[in-house]
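Colleague: I would like to learn how to read a few features of a protein model. Could we go through them together?

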Amino acid sequence: VPALRWADLSDGARGVSILTDYKHGFDATPNQLRLTLLKAPLWPDPGCDRGLQTFSYAIYPHGQGWQRAKTVQVARNFNLPILPWIGEMVGDAPPPGAAPAAASFIDLGDTTLVLSALKRSEDSDHRYILRGYESTGASGSFALGGSLPVAVVGQTDGLEQLQAVEGDIPEVVTLRPWQVISLAIEPAPDEV
């Protein structure tokens, strides 16, 4: 069956996930999980999967089920690694101890929400769109945090149009199982 980024074989107490960068064919039995690396069909492309092939995959053993082991997040990290950039500094370097050793610009907390995109709004240079999805099939919630002073303006549709909001916008956003969510965020009012 086709799968994107990962497949898992678990019994609830433990399991193993296979993570892959672009191979998407898996098959499983109750005691076996396999990843198809090369297929080499003759039709519709007689040259498909022939010649030198390169790919990456990882084996991720874990305790409990794939949801609690955060297999979705681990697979995304495997597929989208942080790439370092070393460039020239502009101006003088900050004094030692002036900046924190680590910081998170936007923090979604320890949730099952997977961030798909954070982009500037098509309609406003002052507004950004945060898109994500609930990744484990369970209801949940998250509160937007981090070092950037931003506030949720409201939920949007796929065209980035704000949906009707009744009352105050909640600080904690509730997610339904597998829900795709799109939120408009802006700099916090006291920071503008």
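Modeller: Start with burial. Buried means under 20% relative accessible area, exposed over 50%, and partly exposed lies in between (1.4 Å probe, protein chains only). Trp-66 has 18%, so Trp-66 is buried. This is a predicted model: local features need pLDDT of at least 70, side-chain atom pairs count only at pLDDT 80 or more, and totals for chains, interfaces and linings use all residues. Residues are numbered from 1 along each chain as its sequence is written, and side-chain values use heavy atoms, without hydrogens and water.

Colleague: How many aromatic pairs are there?

Modeller: Rings of Phe, Tyr and Trp (its six-membered ring) pair if their centres lie within 6.5 Å; planes under 30 degrees apart count as stacked, over 60 as edge-to-face, the rest as tilted. That rule gives 2 aromatic pairs. Trp-6 and Trp-66 have ring centres 5.0 Å apart and planes at 40°, so this pair is tilted. Trp-6 sits in strand 1 (residues 6–10), and Trp-66 lies in the loop between strand 5 (57–63) and helix 1 (71–79), 60 residues apart. Helices (H or I, at least four residues) and strands (E, at least two) are DSSP runs, numbered from the N terminus.

Colleague: Which residues form the stacked pair?

Modeller: Phe-55 and Tyr-57, at 6.3 Å centre to centre with 25° between the planes. Phe-55 is partly exposed at 28%. Tyr-57 is also partly exposed, at 45%.

Colleague: Which residues of helix 1 are buried?

Modeller: They are Thr-71, Val-72, Gln-73, Ala-75, Arg-76 and Asn-79. An α-helix has 3.6 residues a turn, so residues three or four places apart point the same way.
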